[in-house]
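Here is a short briefing to read alongside the model. Keep the viewer open and follow along as the topics come up.

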Amino acid sequence: MLLTSMSRTSSSIANTLVSKIKFIFLTAVAALSLAAVPGISAADTVANSVIGARGYDLTTFFTSEKPAHGTGHHVATIDGVDYLFTSEENKKTFLANPEKYLPAFGGYCAYGASIGKKFVADPDVYDIVDNKLYFNLDTKIRAIWAKDIAGNIDLAKTNWKTIASKKPSEL
């Protein structure tokens with residue numbers, strides 16, 4: 001009887017061990033499967049969630065006395081950047097001609113681009129020149145930019161060819 005009892009105990013331990021190995025194996029397979037599911041990737045992280053123009057509805061810079069913030073109800077994505085709109089109509093207007101509404105120099109400071117830099121711009125400090133939207137870093141920088149707008153735009157366009165693909169920290 002002692003032998004039968006020991007056999008049952010050994011058998012029970014073996015079954016428990018096999019169950020744990022199966023669990024670990026199935027968990028690993030499930031984790032690998034999730035990594036392969038379309039739509040679930042490292043790109044779907046907060047670090048890759050970019051809201052353009054600090055959430056302003058870009059069409060309102062051209063149509064309103066004062067630009068307005070959009071909402072999460074009306075979103076369009078251009079080149080990985082999400083733009084918010086106050087209405088579905090504004091979103092459709094934007095999507096019909098994004099280049100008309102997108103700020104120059106990727107939304108970076110226009111004066112910064114004129115000196116070969118990428119400064120994060122403040123959408124509250126803007127100008128529309130020849131139907132193009134330009135942001136600047138702040139009102140002090142905007143005052144410097146405004147001393148020669150046409151010349152600074154030309155310099156910025158030339159510099160942008162070199163700096164567009166670089167990170168601000170690289171400049």
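A nonpolar core, as the term is used here, is a set of buried Ala, Val, Leu, Ile, Met, Phe, Trp, Tyr and Cys residues joined through side-chain atoms within 4.5 Å. With that in hand, please note that this is a predicted model. The chain holds seven helices and five strands, and from the N terminus on they follow the order α-β-α-β-β-α-α-α-β-β-α-α.

**Overall picture**

- Of the 171 residues in the chain, 31% are buried.
- Taking contacts between residues at least 6 apart in sequence, 54% join residues at least 24 apart.

**The largest nonpolar core**

- This core has 29 residues, and those with the most contacts inside it are Leu-58, Tyr-83, Phe-94, Phe-105, Tyr-134, Phe-135 and Trp-145.
- At least two core residues come from each of β2 (71-78), β3 (81-85), α5 (110-114), β5 (132-136), α6 (139-146) and α7 (149-163).
- The largest share, four residues, is supplied by α7.
- Leaving out residues up to four places away in sequence, Phe-105 touches Ala-110, Ala-113, Tyr-134, Ile-153, Ala-156, Lys-157 and Trp-160.

**Helix α7**

- Over its 15 residues, α7 reaches 20 Å from first C-alpha to last, close to the 21 Å expected at 1.5 Å a residue.
- Its buried residues are Asn-152, Ile-153, Ala-156, Trp-160 and Ile-163.
- An α-helix has 3.6 residues a turn, so residues three or four places apart point the same way.
- The cover over the buried residues of α7 includes α5, β4 (122-129), β5 and α6.

**The largest pocket**

- By type, the lining residues divide into 15 nonpolar, five polar and four charged.

**Around Tyr-56 and Thr-60**

- Tyr-56 sits in the loop between β1 and α2, and it counts as buried because its relative accessibility is 8%, the cut-off being under 20%.
- Beyond its neighbours within four places in sequence, Tyr-56 is in contact with Phe-61, Pro-67, Ala-68, His-69, Gly-70, Leu-84, Pro-123 and Asp-124.
- Tyr-56 and Pro-67 are 11 residues apart in sequence, and their C-alpha atoms are 6.9 Å apart in space.
- Thr-60 belongs to helix α2 (residues 60-63) and is buried, since its relative accessibility is 4%.
- Not counting residues up to four places away in sequence, Thr-60 touches Pro-67, Ala-68, Thr-86 and Asn-90.

**Backbone angles to check**

- Arg-54, in the loop between β1 and α2, has a positive phi of about 50° although it is not a glycine.
- Asp-130, in the loop between β4 and β5, has a positive phi near 50° and is likewise a residue other than glycine.
- Is Asp-130 buried or exposed? Asp-130 counts as exposed because its relative accessibility is 76%, where exposed means over 50%.

Methods: Residues are numbered from 1 along each chain as its sequence is written. This is a predicted model: local features need pLDDT of at least 70, side-chain atom pairs count only at pLDDT 80 or more; totals for chains, interfaces and linings use all residues. Side-chain values use heavy atoms; hydrogens and water are left out. Buried means under 20% relative accessible area, exposed over 50%, partly exposed in between (1.4 Å probe, protein chains only). Contact means heavy atoms within 4.5 Å. Ala, Val, Leu, Ile, Met, Phe, Trp, Tyr, Cys and Pro count as nonpolar, Asp, Glu, Lys and Arg as charged, and the others, Gly among them, as polar. The expected span of a helix is 1.5 Å times one less than its number of residues.
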